Amino acid sequence: MASMIFPCIFFVQYLAIASKSEAKVSAIIVFGDSSVDSGNNNFIPTIAKGNFEPYGRDFPGGTPTGRFCNGRLPPDFISKGFGLKPIIPAYLDPAFNISDFATGVCFASAATGYDNATADILKVIPLWKEVEYYKEYQKKLRAYLGDRAANEVISEALYVNSIGTNDFVENYYALPKRKSQFTVQQYEDFLIGIAENLVRQIYNLGARKLSLTGLPPMGCLPVQRKTNFHNPLKCLEERNKVALEFNGKLKATVAKLNKDLPRLKVFFADAYNLLFQLITKPSQSGFEVVEEGCRGTGLFETGILCNRHTPLTCPDANKYVFWDSIHPSQRTNKIISDQLVPLLKQLFA
Ligand SMILES: *[C@@H]1O[C@H](CO)[C@@H](O)[C@H](O)[C@H]1NC(C)=O
Ligand SMILES: *[C@@H]1O[C@H](CO)[C@@H](O)[C@H](O)[C@H]1NC(C)=O
């Protein structure tokens, strides 16, 4: 036994030194939707859940966690990339407490959006409520660490925000209400206004390092390809155009916020181009399938429509860009995160 203890202590000290010199980011704090939700929806009454097999099949321990993926999500990889913990816990998970959350916490909720009406569809956590949870977290953090240390965590943390796809896929294009109220360009502007407001709000609460993720190529999600009647399995070009248009506006807003708000740094995470590379040149990254997810046929298999009773889970998700009809596979998340981390470090570490 004694011989085991020595190398362990050495290892822990080594990690402490390594992370001190490397990461000037104190914690990873996450807002958003299923692209980054590490399991909050497990603890609210919604059908938008991913906490059963085969979700989590390739997660450490092989357990479903609520992540809409076969494994880890970008914030998990980003956290590890900054020398912090390899897993970001969900704020609503009672298995964790403030001592865990002090170095990373997730407020995200699958199926939510910028638009309050999007969260209403599947009764998930609206974005404003994610911010309310964040305020509660700040109180707990101050009680746990004291004001001074807590304020340092808050200002040195990297805030990862990834949201917006559901506003289009689940709401604008699927239901009549928003379409009757807004043209798609007006709806983009409406969402951009909310995104700007989110940044200003968490800036006023002390955040200084932010990453805002743009929309992915929505028209190439397997669920959208299936609706392409004219050209089966091809990307819906019009949806991709909307994503690019939205991202252009978001990028301009990021530039404006960087100028307006002293000591704030916001990074625009270009999910579109990172994912589009993999979708259009899959073999360059060792992928074999892009049109369908590893789970099911690509029709509507996500959440409860994707469980162990529905047939057709591929044996090796590493060959698939998408895990289910909407969500990237763990390998895709890792490849994208490996490209983002050096850019984030350049700006924030
Ligand atoms: C957090 O939980 C751990 C056990 O999981 C416990 O030892 C610790 O005291 C808790 N910390 C706080 C601040 O509640
Ligand atoms: C969303 O709902 C919250 C809480 O009711 C409200 O404060 C906020 O103004 C709403 N946002 C928009 C854009 O309507």
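Trainee: What does Lys319 count as, with 15 C-beta neighbours inside 10 Å?

Mentor: Lys319 counts as partly exposed, because it has 15 C-beta neighbours inside 10 Å. A residue is called buried if 20 or more other C-beta atoms lie within 10 Å of its own, exposed if 12 or fewer do, and partly exposed in between, with the C-beta atoms placed from the backbone. Please keep in mind that this is a predicted model, in which local features need pLDDT of at least 70 and side-chain atom pairs count only at pLDDT 80 or more, while totals for chains, interfaces and linings use all residues. Residues are numbered from 1 along each chain as its sequence is written, and chains are lettered from A and ligands numbered from 1 in the order in which they are written.

Trainee: Where is the place of Lys319, and which residues does Lys319 touch?

Mentor: Lys319 is in the loop between helix H12 (271–280) and helix H13 (330–348), where helices (H or I, at least four residues) and strands (E, at least two) are DSSP runs numbered from the N terminus. Leaving aside residues up to four places away in sequence, Lys319 touches Phe287, Glu288 and Val289, and two residues are in contact if their C-beta atoms, placed from the backbone, lie within 7 Å.

Trainee: What is the mean pLDDT of the protein?

Mentor: The mean pLDDT is 91, and 89% of the residues reach 70 or more; pLDDT is the predictor's confidence in each residue, from 0 to 100.

Trainee: And over which residues does pLDDT stay under 50?

Mentor: Residues 1–21 stay under 50, and the model has 3 contacts for them beyond four places in sequence. Residues 297–301 also stay under 50, with 22 such contacts in the model.

Trainee: New topic, then: which residues surround ligand 1?

Mentor: Asn97, Ile98, Ser99 and Tyr144 surround ligand 1, where a residue is near a molecule if its C-beta atom, placed from the backbone, lies within 6 Å of it. By class, this shell has 2 nonpolar, 2 polar and no charged residues. Ala, Val, Leu, Ile, Met, Phe, Trp, Tyr, Cys and Pro count as nonpolar, Asp, Glu, Lys and Arg as charged, and the others, Gly among them, as polar.

Trainee: Which residues of H5 are buried?

Mentor: In H5, the buried residues are Leu127, Glu130, Tyr134 and Leu141. Seen down the axis of H5, they fall within an arc of 50 degrees, so they line one face of the helix; the arc is that of the directions from the helix axis to the C-beta atoms. On the other side of H5, Lys135, Glu136, Lys139 and Ala143 are exposed.

Trainee: What do the buried residues of H5 pack against?

Mentor: They pack against strand S1 (28–32), helix H3 (98–101), helix H6 (147–156) and helix H9 (184–204). H5 is followed by Gly146, whose phi is positive, near 85 degrees.

Trainee: Back to burial: how many residues of helix H7 (residues 165–172) are buried?

Mentor: In H7, 8 of the 8 residues are buried, so this helix is largely enclosed by the rest of the structure. The buried residues of H7 pack against helix H4 (116–121), helix H8 (176–181), H9, helix H10 (222–225) and helix H11 (237–260). For the protein as a whole, buried residues make up 47% of the 349 residues.

Trainee: Which peptide bond is cis?

Mentor: The bond from Glu53 to Pro54 is cis, with omega near 5 degrees, and Pro54 lies in the loop between S1 and helix H2 (74–81). Most residues other than glycine have a negative phi, and most peptide bonds are trans.

Trainee: What is the phi of Ala111, and what is the phi of Arg263?

Mentor: Ala111 has a positive phi, near 75 degrees, and is found in the loop between strand S2 (104–106) and H4. Arg263 has a positive phi of about 65 degrees although it is not a glycine, and Arg263 lies in the loop between H11 and strand S5 (265–269).

Trainee: Is Ala111 buried or exposed, and is Arg263 buried or exposed?

Mentor: Ala111 is buried, with 26 other C-beta atoms within 10 Å, whereas Arg263 counts as exposed, because it has 8 C-beta neighbours inside 10 Å.
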